[in-house]
Amino acid sequence: MTPKVGLIANPISARDIRRVVASANSVQIADRANIVLRALAALKACGIAEVVMMPERAGIAGHVLRGIERARAHGEERFPNLAFLPMPVTGTVEDTRRAARLMASAGDVAAIIVLGGDGTHRAVVGECGSVPVAGISTGTNNAFPEHREPTITGLATGLAAMGLVPARTAFADNKKIEVSVDGGTPEIALVDVAIVTDRFVGARALWRTETFRELYVTFADPEVIGMAAIAGLIEPVSRAEAGGLAVTLASAGAAATRVRAPIAPGLVEEIGVEGWRRMPAGTVFTPALAAGAIALDGERELFFDPHQRVEIRLVDRAFRTVDVAQVMRFAARNGLLVDRPPVRIHA
Amino acid sequence: MTNNPFPLSKDELLAAYRTMRTIRDFEERLHVEFAKGDIPGFVHLYAGEEACATGIMMHLTDIDRIASTHRGHGHCIAKGVDVHEMMAEIYGKATGACRGKGGSMHIADLSKGMMGANGILGAGAPLICGAGLAAKFRGDGGVGITFFGDGASNQGTVLESMNLAAIWNLPVIFVVENNGYAESTSVEYATAVDSYVDRAAGFGLPGVTVDGTDFFAVHEAAGEVIRRAREGGGPALLECKTIRFFGHFEGDAQTYKAKGENDWNRENRDCLRIFANRVTSAGAVSEAEIALVDREVASLIDAAVESAKGAPLPSPRDLLTDVYVAY
């Protein structure tokens, strides 16, 4: 019995206002289904026989099943057995959370492949416990999932899940930021927490730079897009190093330091920066702004009023991901995907 | 540039609440009155979807046109059609917006840019392309908004209109009010790919999905797509995921809904309650001011029903007036 791999493909990511206020793409359902098929084929090539997938009713499952049945009708064994989790479908983020929870509690899921943007990955990480995550970007702001051909992500996940790569090589530790309002259950962010002056959630995305006030990031990569790009352009912080960065923002016209940052696809805006400091793990940060909205990984999710206390805290080694680059390098060095002919000795 | 924490002034927030409350009370009252048997024809109630019409229409003026649906009362009220005339029209009275000859599914008021509710599913989409073309020729910055549901989204007229709007780059917004049911058929069953953003992408239109029970989400997204259209950016699609508290039509037993679904929605997804809680807890509007609007709207609806009931029916000699148009 080989280990199972979980697969969560969010059908509703990449649908927000950034398709109008920025030049964000929209990954269509057929594209998402084809990405699932590519990942499944790669898993099968590594020896994974069983995959469990989050059910949905937006059209991905039907397309995927047709692809599998067509291959079987041709006598091809290109795909593993695919089962759908027995769970209700609500068409909301609760489906993603529930699926991750079920996969984590099943005990036999070695890794979860996720299709979505930062928000989808955040929902999975909030529930998947110690099960490693392999991210595939099908969202809008994709600072967390690395941009890579899904077939390669599938191969690396398959090799790691089969135990063909040592765990210390196959999996990487990641940071997260916890945000609590009035001591309630913390919400998490995988990349960034932004404090903005809006007092409402609205269309969620962030694009009006004059509302930006504070930014907290787990990592700051100058190559990523979104709010973390602001931090990445002033003081890069890697995913692997301990701690993050806290940045105080202001209107561009009011600040001496201004950063031109890609805050959304095609949207490079000037943002004022008043200062920044390292954000050690475990230290509680409290916003200076008395009331506003809290954006998690680029989307307004919460709001707080003057009488409420907000606590922001970075957590090191919070969850694991499949380190696709390391796995593939290991696979190449050790010939994991190479079948060599027997060496012939010529007399 | 503004640091106003809400996108609207206090007066505008109260106006938004007043519009939503007027729609809600209008529909709740019709639910009661229709059961008495005094109202001719059918009515399809909009209660639960108020944030969609209100969040969108607050960006429009009388030069902007809308093409509505069979569930059009909310669109009419949010576009500024007189509530007394609407109620009289639904009662089939001579004082109605269409002299009592249209009823619920044909309320129109061109002076307000309201081209009409429409008994034909998906029929508003081609009409609004005409309005958009006229606005484009006039160059007055006007836009056209057509509303349709998840059911009508599968009508050929809607898809053809998206294509037409795209090739002519019309200032038109296609608004899908996705309440989950096409009459009694769930969207999951009846729609192959239930992302309307995908549909729009097929015609080269940008699409946006928002929570239609959150006024601020609708208002913010609608503001951006409408501004884009006014500036010549072309058509777009806005999907508002919403709910309806009542059946498809009055008298619908709603056996296709889960047990307790309406109660749960009223408790957890009531757009008026969500809005009032947010603006009062933020201190932008007081609870007393909300309560005052509630009382004033209740009086307005009472008066509208009473005057509609007491108004005369159209006379036989009016049978052919306002029916045919000579060119």
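In what sense do strand E8 (residues 192-196) of chain A and E9(A) pair, and over how many bridges? They pair in the antiparallel sense over five bridges.

This is a predicted model, in which local features need pLDDT of at least 70, side-chain atom pairs count only at pLDDT 80 or more, and totals for chains, interfaces and linings use all residues. Residues are numbered from 1 along each chain as its sequence is written, and chains are lettered from A and ligands numbered from 1 in the order in which they are written.

**View 1. Strand E9 of chain A and its partners.** Strands (E, at least two residues) and helices (H or I, at least four) are DSSP runs, numbered from the N terminus. Two strands pair if DSSP finds at least two bridges between them. On one side of the pairing list, A:Ala194 has A:Leu215 in E9(A) as its bridge partner. Four bridges also join E9(A) to strand E10 (residues 244-250) of chain A, running antiparallel. There, A:Glu214 stands opposite A:Thr248 of E10(A).

**View 2. Where chain A touches chain B.** The contact takes 25 residues from chain A and 29 residues from chain B. Residues are in contact if their C-beta atoms, placed from the backbone, lie within 7 Å. Helix H1 (residues 18-21) of chain A gives the most to the chain A side, with three residues.

How values were computed: Two residues are in contact if their C-beta atoms, placed from the backbone, lie within 7 Å.
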